[in-house]
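The sequence and the structure come first.

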Amino acid sequence: MLKDLIEKHLLEVQKPSRYIGGEVGSVIKDKSKIDVRFAFCFPDTYDIGMSHLGMKILYSLTNERENYWCERCFAPGEDFEAVMRENNIPLYALESLDPIKEFDFIGFTMQYELSYTNVLNMLDLAGIPIFAADRTQELTQIVVAGGPCVCNPEPLADFFDIFILGEGEEVNLELMDLYAEMKKQGASRDDFLRRAAHIEGVYVPKFYHFSYKTDGTIDKITVSDGAPEVISKRIIKDFDKVFYPDNFVVPFTEIVQDRASVEVLRGCIRGCRFCQAGFIYRPFREKHTETICKEVKCLCENTGYDEVSLASLSTSDHSEIDPMLTALLDYTVSERINLSLPSLRVDNFSESLLEKIKKVRKSGLTFAAEGGTQRLRDVINKNVSEEEIMNTCRIAFEGGYSSVKLYFMMGLPTETDEDIVGIAELANRIIDLYYSIENRPKGRGVQISISCATFVPKPFTPFQFEPQDTREMIEHKQKLLLDSVKTKKIKVSYHNPDVSQLEVILAKGDRRLCKAIYTAWKKGCKFDSWDEYFNFEKWMDAFADCGIDTSFYANRRFEYDEILPWDHLDYYVSKEFLIRENKTAHKSVTTPNCRLRCSGCGVNKKVGRECF
Amino acid sequence: MIRVRATFEKCGRAKYISHLDLNRCMLRTFRRSGLPIWYTEGFNPHPYYSFALALSLGFESSCEILDFNLNEEMPYDEIRDKLNAVMPEGMKIIKVAEQKQKITAITEAEYSFSLVSDDTERLYGDIEALLGMPEILIEKKTKKGIKTVDIKPSIKVMRCEKNDRSVDMVIRLPAGTQTNFNPTLFIDALRNCNGAPFEPEKIRRTGIFCENNEIFS
């Protein structure tokens, strides 16, 4: 039995409880009574994957169905991978400890581009052919992917049978229902894929064929096997009534987000032009306060967690935020539960809100300012004024805070040296503000942390057309920022620009990259999002081996009239709108948030009703 | 405030829960149980609970001790049942009772294990030879560095049985707040004899004792 073999070696590795299952909340079923087995794979380690809310939702949702069984599977750490390879332990799922190659569906959630090589490594560990074309015609081992990265799934197209676009709560079950039905009929893999392609939200990449022009851009996308020309993402229409788990799998070992979590809203009204999540998750939908309270209570009681966080892209945009927090705090304070509120915005940070936050946490405050000058913040449509930033900091300082963390991006479209120096100047003005406040925290100096990411243009954003700064440009800007900071009260940290470059290549790439990803993995690339594993040289070698010019994807402006690798996918936001927004950005003109005025992104037409 | 003592089993998959993780796990188990757990009254109130002895990762046990406090009196069996309803797989409360002895009264712990070998005859001989030595010196890692200790006087062999595929042993070792010897010290000493190759299996704590062989309770 696989369990004995695993146990024989389990004590040789770090944190063995990650590899043996048995956690409270995990679902065990009798496999003889199961029609469809689904391995939900997260292409990173347990500690990270177990923190992912989407997995918790789809895990519970699938397991609600008596005859379906969804199990979890993660990338093993390096030590356990070595043990698995040495002892021929195939990648297995944590509930049954059965090899995932025996499963009907092997589903990956693609949360970030730098996890792509882990998918290949996991398929290899599982003993499943890495290329979809090499898989059996038998109806089994359907390898599927969902998550934000599949809005441009082309660099992964050769490895997957199916991509699931948009929200999975309904379409996953529809896909499994079709599978169960066709399995009984003895259908082949291709029969199934052909029918699956007609489920809304299901994209079968092998039915779509790309041809390229001599300049490397896409000439046309042709469709075969009767598959639809355009594939639309799926959304949940009535978000307040959407399935939400009443229990989580509670890990033994500490994970990154070790708490209960309730999704309070989906989508975002803001339209920050760099933010992919802000566009691909539209329309904005929220849950009622009562629903949220009920879900918080239920989850805390069933899991035993003493901390709950509200998940969303921007929690303070909930229309009932104040009464919601009041109601939640009533419950959490009396039950000694910590309530954590990530994702707050600077511009609607009221004193009463701060009072509530202060009740729940004592650590620092983090704000995303993104741009150092008002001009640049207008370009990216971060509708935040310096006055609002200052006002928020004032409220925070008067409320007893003495440290603030500010997020910025570097390499944004139209950015100049002035904008970089502006980051340091903004921080300086916040320091001056601190010392101008009479009732500031006594005897404490102020600490401003500046965290700078490199801008990565992403599909389905107005900036999808933009080139990324070259490494030289970013290095110049990083040095300029460091030189502009002249006090120890400001701490600067920034991301490795090589990582961001790989990210943009994979994000905006096309099908020709599949080979390069495979080559990079063959060269030993995995866990690319981990500093200690990231190996840019190997990646560049892989691109060179495959004859790929990375600047074609990373540093080239994509034309408005160019066929983009994701143009056959419909994420409800129209390309015309994205072009319009791109042009508006270059004029440094902002677009108001969706609540103030509809900017005609096209989502309401697809949904068939106004968003507000 | 009512002080209670639970004796619990930690077997199967639960043996991979580390001591640190067990703390978090019990905290959540208490919360799930809905029992009126007593919280400390300091600046940062938290449930008060403590384990009598830490158990090494990978060991099973049939006699772990957990002390905690409740706000109100309840039948012991009800406390046990409420906890068992929400315990993780492999962990089970055997009984809940009053705290008779102090944790400091613990002197010894008993362990059973199997030493799997192709040549149990020779392994049995190796064990006899090792136990017959005037001293068994082992290197023990302490907070102050590596120390050489003679464990010979501390080992009580309760059982040593030669079977087809293994030699099965039950030994008692000093435990408690003063000295704690892990059975792996003995197993490593045996391995260092370079005798018949073997693999230890099914290490399980089977008893916690006080002076005069009295079972700790």
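## A three-stranded parallel sheet in chain A

Chain A holds an open sheet of 3 strands in the order 10-13-14, with parallel pairing, where two strands pair if DSSP finds at least two bridges between them, and where helices (H or I, at least four residues) and strands (E, at least two) are DSSP runs numbered from the N terminus. Strand 10 (260-263) and strand 14 (338-340) of chain A stand at the edges, each with a single partner strand, so one side of each has no neighbour in the sheet. Neighbouring strands of this sheet are turned against each other by 25° on average, direction ignored; axes are lines fitted to C-alpha atoms, for helices over the stretch in contact, and angles run from 0 to 180 degrees between N-to-C directions.

This is a predicted model, in which local features need pLDDT of at least 70 and side-chain atom pairs count only at pLDDT 80 or more, while totals for chains, interfaces and linings use all residues. Residues are numbered from 1 along each chain as its sequence is written, and chains are lettered from A and ligands numbered from 1 in the order in which they are written.

Within the sheet, strand 13 (residues 307-311) of chain A pairs with strand 14 of chain A in the parallel sense over 3 bridges, and Glu307(A) has Asn338(A) in strand 14 of chain A as its bridge partner. Helix 9 (residues 289-303) of chain A lies across strand 10 and strand 13 of chain A, and runs at about 160° to strand 10 of chain A.

## A six-stranded mixed sheet in chain A

Another open sheet of chain A has 6 strands in the order 2-1-3-4-5-6, with mixed pairing. Its edge strands are strand 2 (68-74) and strand 6 (202-203) of chain A, each of which pairs on one side only. Strand 1 (residues 36-42) and strand 3 (residues 105-109) of chain A run parallel and are joined by 4 bridges; Ala39(A) has Ile106(A) in strand 3 of chain A as its bridge partner.

Helix 3 (residues 53-64) of chain A lies across strand 1, strand 2 and strand 3 of chain A, at about 155° to strand 2 of chain A. Helix 6 (residues 168-184) of chain A lies across strand 1, strand 2, strand 4 (142-146), strand 5 (162-164) and strand 6 of chain A, and runs at about 140° to strand 1 of chain A.

## A helix pair in chain A

Helix 17 (residues 514-522) and helix 18 (residues 536-545) of chain A pack at an angle of about 135°, with their axes 8 Å apart. That makes helix 17 of chain A oblique to helix 18 of chain A, given that angles under 35 degrees count as roughly parallel, over 145 as roughly antiparallel, 65 to 115 as roughly perpendicular and the rest as oblique.

Ala516(A), Thr519(A) and Ala520(A) in helix 17 of chain A meet Lys538(A), Trp539(A), Ala542(A), Phe543(A) and Asp545(A) in helix 18 of chain A, with two residues in contact if their C-beta atoms, placed from the backbone, lie within 7 Å. By class, this contact has 5 nonpolar, 1 polar and 2 charged residues; Ala, Val, Leu, Ile, Met, Phe, Trp, Tyr, Cys and Pro count as nonpolar, Asp, Glu, Lys and Arg as charged, and the others, Gly among them, as polar.

Chain B has 4 helices and 10 strands, and from the N terminus on its elements run β-α-β-β-α-β-β-α-β-β-β-β-α-β. Strand 3 (residues 60-70) of chain B pairs in the antiparallel sense with strand 1 (residues 2-10) of chain B over 8 bridges, with Ile2(B) opposite Leu70(B). Strand 2 (residues 49-51) of chain B is also antiparallel to strand 3 of chain B, over 3 bridges, whereas strand 10 (residues 199-210) of chain B runs parallel to strand 3 of chain B and is joined to it by 2 bridges.

The contact between the chains takes 16 residues from chain B and 18 residues from chain A. On the side of chain B that touches chain A, the residues divide into 7 nonpolar, 3 polar and 6 charged.

## Backbone details in chain A

Most residues other than glycine have a negative phi, and most peptide bonds are trans. The peptide bond from Arg282(A) to Pro283(A) is cis, with omega near 0°, and Pro283(A) lies in the loop between helix 8 (277-280) and strand 12 (285-286) of chain A.

Gln141(A), although not a glycine, has a positive phi of about 50°, and counts as buried with 23 C-beta neighbours inside 10 Å; a residue is buried if 20 or more other C-beta atoms lie within 10 Å of its own, exposed if 12 or fewer, and partly exposed in between, with C-beta atoms placed from the backbone. Tyr572(A) likewise has a positive phi, of about 75°, and lies in the loop between strand 19 (569-570) and helix 20 (575-586) of chain A.
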